[in-house]
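Hi,

Here is the structure I promised to pass on to you. Have a look at it first, and then read on for what I found in it.

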Amino acid sequence: MAILEVIKYEGGNNILVWKHPAEDFNTSSTLIVHESQEAVFFKNGQIADVFGAGRYVLKTENIPLLRKLMNLPTGGVSTFHCEVYFVNKVEKMSLKWGTDSKVQFIEPNYNFPMEIGASGDMGIQIADSARFLVRLVGAETTLTPEHMVSYFRGILMNRVKSYLARSIKEQQLNIFEIDSQLDVLSDVIKAKLDTDFSEYGVTLTRFMINTVVRPEDDPTYRRLKEAMASRYTDVFTAQTDQQTAIIRQQTEAQKRILMAQAEAEKRRLEGYTYQDERAFDVAEKIASNENTGTFSNMGIGLGMMAGVGTAMGGAVGGMVGGVMGAGGMMPNPGLNPTANVFVTPGQPGAAPGAGATPIQAPASEASGVAAESAPAAGRVCPNCQTSVPAGARFCMGCGQPLAPVCPNCGEEIPSGARFCMHCGQPL
């Protein structure tokens with residue numbers, strides 16, 4: 001052995017702990033520690049000091065000149081023992097781990113018992129070199145990351161399985177959606193494992209769950225999975241149908257709007273309004289009533305159509321006048337105005353211009369007819385100024401709807417009124 005040793009790290013890159021082969025070296029030997037390393041100096045079986053990166057001169061009780069004399073009784077073995085361990089503090093990544101058996105637990109969302117397994121990788125770093133050597137290394141001369149993981153395997157298998165089942169329950173994770181929550185589950189389990197690793201002077205820098213193995217061979221699990229898939233499919237189908245119905249209704253509403261705009265443009269180009277069109281419809285409906293076969297109702301219907309024709313520019317009125325002239329249905333100008341009697345040209349009582357003499361009704365009969373046909377309280381249509389009987393709802397001249405009137409003063413009454421606004425008559 002040289003009088004003075006130069007003690008430095010000579011192990012490989014993938015070694016966590018390496019013991020220098022030189023022991024019981026002389027005092028004033030040199031210790032060199034590299035970056036990301038620590039050197040633990042043992043003296044007489046105890047940790048004397050921990051050295052970070054740098055160059056150091058060691059002082060021991062081994063004096064070269066006296067050591068030979070002091071070691072004679074022990075056969076040359078130094079009674080003052082010293083040694084150095086180098087600890088690599090670089091973070092070691094991608095160390096594989098996995099559960100050795102399935103974890104049994106109750107699924108928190110469906111209260112369904114099942115078994116799962118898990119695997120992944122982790123990263124570690126030695127934080128306390130002295131504690132790590134005392135608790136884990138012992139008398140070993142080298143320690144690799146694989147060896148350390150094997151030392152921690154018992155802790156991992158015991159704690160990870162327990163933490164996995166507990167964390168799924170605490171976080172209320174759905175077994176069918178757990179793949180999307182692996183990062184959350186990994187962080188929760190890592191926080192629980194930090195305390196276990198720190199007892200050995202090790203920091204768990206990274207803990208990841210990469211795979212969760214589900215019980216795909218379990219028939220009960222498969223039935224539950226199929227039921228869940230069916231439920232989500234039904235919900236999606238219902239939502240799609242609802243959205244389709246809404247789009248269809250919006251399309252139909254837009255179609256009606258476009259049709260109404262086109263119809264309004266058509267009326268504008270043809271020179272009439274919606275009110276004109278509705279008045280014509282009312283007149284046509286009255287004229288086509290099942291009782292229009294009688295002479296009196298035919299006269300009312302034709303009169304209303306004549307009035308509507310006047311409102312629409314005279315076209316329909318002219319047509320009605322032509323029809324009345326061609327049919328010979330003309331009122332007798334020489335007839336008593338109170339007697340509602342019409343004659344046909346060529347018959348007795350016809351107008352002189354039609355080749356007949358007027359029919360004169362007896363005075364008593366004419367007065368009786370006038371008394372029966374005269375309205376009890378007449379009113380005038382505001383649209384065509386035609387006199388109409390009391391109680392009529394439509395004008396017989398133009399078909400205009402008529403508002404009700406007060407039986408006392410004859411003023412128009414708004415719809416729903418309970419008293420006349422002009423005389424206060426109860427209605």
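The buried residues of helix α5 are covered by several parts of the chain, including β10 (112–126) and α6 (274–287). Those buried residues include Tyr221, Leu224, Met228 and Arg267, where buried means under 20% relative accessible area, exposed means over 50%, and partly exposed is in between (1.4 Å probe, protein chains only). Helices (H or I, at least four residues) and strands (E, at least two) are DSSP runs, numbered from the N terminus.

Before going further, please note that this is a predicted model, in which local features need pLDDT of at least 70 and side-chain atom pairs count only at pLDDT 80 or more, while totals for chains, interfaces and linings use all residues. Residues are numbered from 1 along each chain as its sequence is written, and side-chain values use heavy atoms, with hydrogens and water left out.

Back to α5, which covers residues 219–270. At the start of the helix, a side-chain oxygen of Asp218 comes to within 3.1 Å of the backbone nitrogen of Thr220. That is a polar contact (a pair of N or O atoms within 3.5 Å; within protein, one must be able to donate a hydrogen and the other to accept it, and residues adjacent in sequence count only if both atoms are side-chain atoms). Just after α5, Gly271 has a positive phi of about 85°.

Rings of Phe, Tyr and Trp (its six-membered ring) pair if their centres lie within 6.5 Å; planes under 30 degrees apart count as stacked, over 60 as edge-to-face and the rest as tilted. Phe176 sits in the loop between α3 (145–171) and α4 (182–198), and Tyr221 in helix α5, so the pair ties together parts that are 45 residues apart in sequence. Phe176 is partly exposed, at 26% relative accessibility.

By this rule there are 10 aromatic pairs. In one of them, the rings of Phe51 and Tyr56 have their centres 4.7 Å apart and their planes at 50°, so the pair is tilted. Phe51 is buried at 13%, whereas Tyr56 counts as partly exposed at 24%. Tyr9, Trp18 and Phe86 form one aromatic cluster.

Now to a sheet. Three strands form an open sheet with mixed pairing, in the order β1-β3-β6; two strands pair if DSSP finds at least two bridges between them. β1 (6–7) and β6 (54–58) stand at the edges with a single partner strand each, so one side of each has no neighbour in the sheet. β1 runs parallel to β3 (residues 29–33), joined by 2 bridges: Val6 partners Thr30, and Ile7 stands opposite Leu31. β3 and β6 are antiparallel, with 5 bridges, and Val33 stands opposite Gly54. In β3, 4 of the 5 residues are buried.

Enjoy exploring!

Terms used
Expected span 1.5 Å × (residues − 1). Contact = heavy atoms within 4.5 Å.
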